[in-house]
Structure formats: C-alpha cells, structure tokens
Amino acid sequence: MIRKLSSQFRPTVRSFLQAATATRNVSSMDEFYSNPKNSNPHFKATLNAHGHMLDVLDEYGEAFVAFARNTTKPVADLGVAFGFTTKEILKTGATVYANDLSEDMLKELNDSLTEEERLRCILKPGNALELDFEPGSLSGVLALRWFHFLTGPEIREVVHKFFTWLEPGGKVVITCSTPYSGRARSFIPEYEERKAAGEEWPGFTTKQIQEVGGLLKRESFHKMEPVILERELKLAGFDVEKAGFLTRSYYPAHWQLDGREYCGVIGVKPKNL
C-alpha cells in the first residue's frame with residue numbers, strides 16, 4: 001500500500017522556477033566547474049544556477065533523436081539550457097519547440113543555428129510547467145535532467161499534460177537523477193526507509209542532500225527510480241516502452257556510485273485513442 005504524504009508538499013508546491021531558488025556568482029560557478037575535482041569536458045555551467053548542460057546523449061536521448069527522424073508533427077524539447085539536444089534533433093529535419101527558463105541561453109542557442117535551422121526551431125522561454133500546446137499537436141516531448149527539481153504533484157500534472165499534447169503514437173522521454181549517486185549518498189538510508197514504508201514520493205526532500213560546492217542552495221530535491229517514473233506515465237495513460245537506470249561514467253569520480261546515478265523512461269501514447 002502506498003502511503004501518501006500530501007501535506008509534505010503543501011508549502012513547496014510551486015513551479016521549479018520558484019522552488020529551485022538559488023544564487024549564482026559567475027566567477028564562483030566557473031571556478032567550481034573548472035576545479036579538477038568537478039570539471040568535465042561535457043559540462044557547461046548554466047546561466048541561472050541550475051547546474052550544467054551536458055553535450056553528450058545517453059541512450060534515452062539517443063532514442064528520442066532517432067524517433068524524431070520519422071516524426072510528422074513538431075516535438076518539444078523542454079529545459080534545453082544552451083540547446084545541445086535541440087541541435088541534435090534539428091539535424092534529423094524535425095521542427096522543435098525549444099524551451100528553457102533562461103532567455104539568454106535560448107538566445108545563445110538561436111545565435112548558433114543556421115538560417116534554415118532557425119525556421120524549424122521555435123523558442124519558448126519560460127517555465128515548462130506553464131507551457132500549453134494544443135491537444136495532439138506534438139509528435140514527441142523530451143524532458144532531460146530536470147524532473148528532480150519538481151514536487152510529486154507537479155510531476156503528475158506535467159506528465160498528464162504531455163499525454164494531452166501528444167498525438168496517438170507520440171513519445172515522451174524523461175530522465176532524472178536518483179538517490180544512488182556519490183553526491184547524494186547521505187540520503188540513501190532515509191530514502192530506502194521511506195520506500196520500504198510505502199511512501200508515494202520517497203525521494204522528495206527539503207534537506208540539502210547534494211554536494212554542490214556551496215554554490216547552489218535549493219529548497220528541495222526529488223530523487224527518483226525508474227519504477228516511479230514508470231508508475232506516473234502509466235497513470236497518465238502511456239504505454240511504457242522502456243524504463244531503467246543510467247550510469248554516468250563520464251561524471252567526475254566522486255559524483256558516481258554504482259551505475260545507477262540516473263534513470264530514464266520512454267512512454268508511448270496508444271495509437272487507438
């Protein structure tokens with residue numbers, strides 16, 4: 001039996017733009033990521049204190065790009081930062097709605113595109129939770145590496161939105177961080193205890209569980225496993241094509257743990273709707 005903790009979310013249910021309150025000192029952030037302990041050639045620090053963008057695709061990102069090659073309607077790439085994933089999708093010939101909280105990062109994306117690519121890339125600055133598309137107007141939705149900024153109710157609401165936006169046969173791909181990382185290892189015992197007790201959202205916490213060099217202070221983190229993402233997609237009406245853990249072998253060594261640092265899910269809207 002799942003034990004719900006709706007009261008836990010009452011003071012914190014808000015957009016991740018508000019929930020992820022953080023301050024960014026440009027020189028300090030750059031120093032953090034240039035430190036050999038944290039540096040990585042695939043990292044690019046964001047401009048809004050939301051960590052870093054990756055310029056590498058994991059197997060879930062690759063699956064979405066492959067899917068985009070055969071889409072007939074636009075796809076939405078949400079939380080794109082400087083747009084690495086957007087540019088990979090544009091290479092397939094697809095039309096992309098590119099969303100991010102930061103207009104400055106979207107401008108940098110736009111400036112890096114060819115004239116032809118700009119015709120197929122529609123910039124959508126703002127909070128992804130507040131976007132709206134016509135029902136059935138999208139072939140795909142990509143949401144990589146930002147669900148850990150959301151509360152449980154926000155996750156449930158936005159996944160239902162994804163389902164509405166997609167055409168029958170459309171796909172959604174989501175990835176999220178898990179408790180099983182070097183930076184969140186102190187949270188694992190509590191997470192396991194809460195999971196065993198049947199909590200609906202055992203990975204949601206307002207504790208500062210993640211080592212971030214003292215640069216980012218968030219009101220909450222939400223660590224998840226594949227089973228939770230799979231549950232939420234099924235609740236919304238999706239068929240689950242794939243769900244599993246993801247290793248982050250290209251992360252700094254002390255950020256890694258046991259190959260379960262991230263998780264992902266691919267959902268398909270049934271064609272018979």
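Which residues does phenylalanine 147 touch, not counting residues up to four places away in sequence? I looked this up and found Ile155, Val158, Val159, Phe162, Ile174, Thr175, Cys176, His222, Met224 and Leu229, where contact means heavy atoms within 4.5 Å.

**Ground rules.** I note that this is a predicted model, in which local features need pLDDT of at least 70 and side-chain atom pairs count only at pLDDT 80 or more, while totals for chains, interfaces and linings use all residues. Residues are numbered from 1 along each chain as its sequence is written, and side-chain values use heavy atoms, with hydrogens and water left out.

**Overall.** I recorded 10 helices and 11 strands for the protein; helices (H or I, at least four residues) and strands (E, at least two) are DSSP runs, numbered from the N terminus. Of the 273 residues, 56% are buried, with buried meaning under 20% relative accessible area, exposed over 50%, and partly exposed in between (1.4 Å probe, protein chains only). Among contacts with a separation of 6 or more, 71% join residues 24 or more positions apart.

**Cores.** I next turned to the nonpolar cores, each a set of buried Ala, Val, Leu, Ile, Met, Phe, Trp, Tyr and Cys residues joined through side-chain atoms within 4.5 Å. The largest has 37 residues, and those with the most contacts inside it are Leu78, Trp146, Phe147, Val159, Phe162, Ile174 and Phe238. At least two residues of this core come from each of β3 (75–78), β6 (138–144), α8, β7, α9, α10 and β11. Helix α8 gives the most to this core, with six residues. I also found a second, separate core of 25 residues, which includes Val75, Ala98, Leu113 and Ile266. As background, nonpolar side chains in soluble globular proteins tend to be buried together.

**Helix α8 against helix α10.** I then looked at how these two helices pack. The axes of α8 (residues 152–165) and α10 (residues 226–236) come within 9 Å and cross at roughly 50°; axes here are lines fitted to C-alpha atoms, for helices over the stretch in contact, and angles run from 0 to 180 degrees between N-to-C directions. The two helices are therefore oblique to each other, given that angles under 35 degrees count as roughly parallel, over 145 as roughly antiparallel, 65 to 115 as roughly perpendicular and the rest as oblique. On the α8 side the contact is made by Ile155, Arg156, Val159, His160 and Phe163, and on the α10 side by Arg231, Glu232, Leu233, Leu235 and Ala236. These residues divide into six nonpolar, one polar and three charged, where Ala, Val, Leu, Ile, Met, Phe, Trp, Tyr, Cys and Pro count as nonpolar, Asp, Glu, Lys and Arg as charged, and the others, Gly among them, as polar.

Which residues is valine 159 in contact with, leaving aside its neighbours within four places in sequence? I listed Phe147, Ile174, Glu232, Leu233, Ala236 and Phe238, and valine 159 counts as buried because its relative accessibility is 1%. Arginine 156, also placed in helix α8, is partly exposed, with a relative accessible area of 23%. Arginine 156 touches Glu200, Trp201, Arg231, Glu232 and Leu235, not counting residues up to four places away in sequence.

**Residues of α10.** In this helix I found Pro226, Ile228, Leu229, Arg231, Glu232, Leu233 and Ala236 buried, and the buried residues pack against α8, β7 (166–177), α9 (188–196), β10 (239–246) and β11 (262–268). Alanine 236 has a relative accessible area of 9% and touches Val159, His160 and Phe163, not counting residues up to four places away in sequence. Glycine 237 follows α10 and has a positive phi, near 115°.

**Backbone.** Most residues other than glycine have a negative phi. I noted alanine 81, with a positive phi near 55°, in the loop between β3 and α5 (84–90), and this residue is buried, with a relative accessible area of 8%. Arginine 145 has a positive phi near 65° and lies in the loop between β6 and α8; at 16% relative accessibility, arginine 145 counts as buried.
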